[in-house]
Amino acid sequence: MKITSAEFIKSAFERRHWTADGRPEIAFLGRSNVGKSSLINSLLMRKGLARTSNTPGRTQSINFFLVNDDFYFVDLPGYGYARVSKAMRSDWGRMAEDYLTDREELALCIQLIDARHDPTALDRQLNEWLVHHNKPHLVVATKADKLSRNELDKALKGTRSELAQTRVMPYSSDKGIGRDELWAAISEAVEKSAF
Ligand SMILES: Nc1nc2c(ncn2[C@@H]2O[C@H](COP(=O)(O)OP(=O)(O)OP(=O)(O)O)[C@@H](O)[C@H]2O)c(=O)[nH]1
Ligand SMILES: [Mg+2]
């Protein structure tokens, strides 16, 4: 995919702030600090477009990025960050679940997991939810640069058998591993949803 433009449009804290022009959306989901914002920047080759940080819980709103004036990347808040109040956690969960459940523009859900670790209980729960609700989705095992080739192969094998109904692809936002393959999947989803 040739990227001709990529711009941050808005942060939405409430449903009425979601974009309303009907363009297809690619959503990025995963636990806090797994690398969602980094993945967006890596795909768009724009350092710092989506804010990244070492502090989990950085992205607390639903953030919309317009790509090529054609479709949106949607950066969702991370889950599984323990150091916020229960009320705030359920707010985030509800916001993300509302979005995932109701959003007709949703063309593809990209669920991130950390390539170095087995999927967490919350990772599995989200994956089951996506499968159960027939949401177009795939899993990106990110931070692949932190593993050797052998370790990565082993980890992917484990994840693929655990998330048997889902396509799993390796990625590294630092090294750009997997970028072409992921763009191919995104382009296909965008084309499918355009009418
Ligand atoms: N080595 C390596 N580090 C990465 C990669 N992706 C992300 N990181 C690092 O992981 C940390 C978290 O990345 P973010 O992109 O901010 O994570 P996030 O999922 O958006 O986090 P929240 O917004 O808090 O939910 C940062 O320090 C990144 O530099 C990767 O592919 N390789
Ligand atoms: Mg983020």
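Reply: Two residues are in contact if their C-beta atoms, placed from the backbone, lie within 7 Å. This is a predicted model: local features need pLDDT of at least 70, side-chain atom pairs count only at pLDDT 80 or more, and totals for chains, interfaces and linings use all residues. Residues are numbered from 1 along each chain as its sequence is written, and chains are lettered from A and ligands numbered from 1 in the order in which they are written.

Start with Phe73, in strand β4. Strands (E, at least two residues) and helices (H or I, at least four) are DSSP runs numbered from the N terminus. Phe73 touches Ile26, Phe28, Ile40, Phe65 and Val67, leaving out residues up to four places away in sequence. Phe73 is buried, because 26 other C-beta atoms lie within 10 Å. The scale: buried means 20 or more such atoms, exposed 12 or fewer, partly exposed in between.

Next, Val74. Beyond four places in sequence, Val74 contacts Glu25, Ile26, Ala27, Phe28, Ile62 and Phe64.

Now the sheet. Seven strands form an open sheet with mixed pairing, in the order β1-β3-β4-β2-β5-β6-β7. Pairing takes at least two DSSP bridges between two strands. β4 and β2 run parallel, joined by four bridges. Phe28 stands opposite Asp75 in β4.

Last, the core. A nonpolar core is a set of buried Ala, Val, Leu, Ile, Met, Phe, Trp, Tyr and Cys residues joined through C-beta atoms within 7 Å. The largest one has 42 residues, and Val74 is among those with the most contacts inside it. β4 (71–75) supplies at least two of its residues. The largest share, seven residues, comes from β5.
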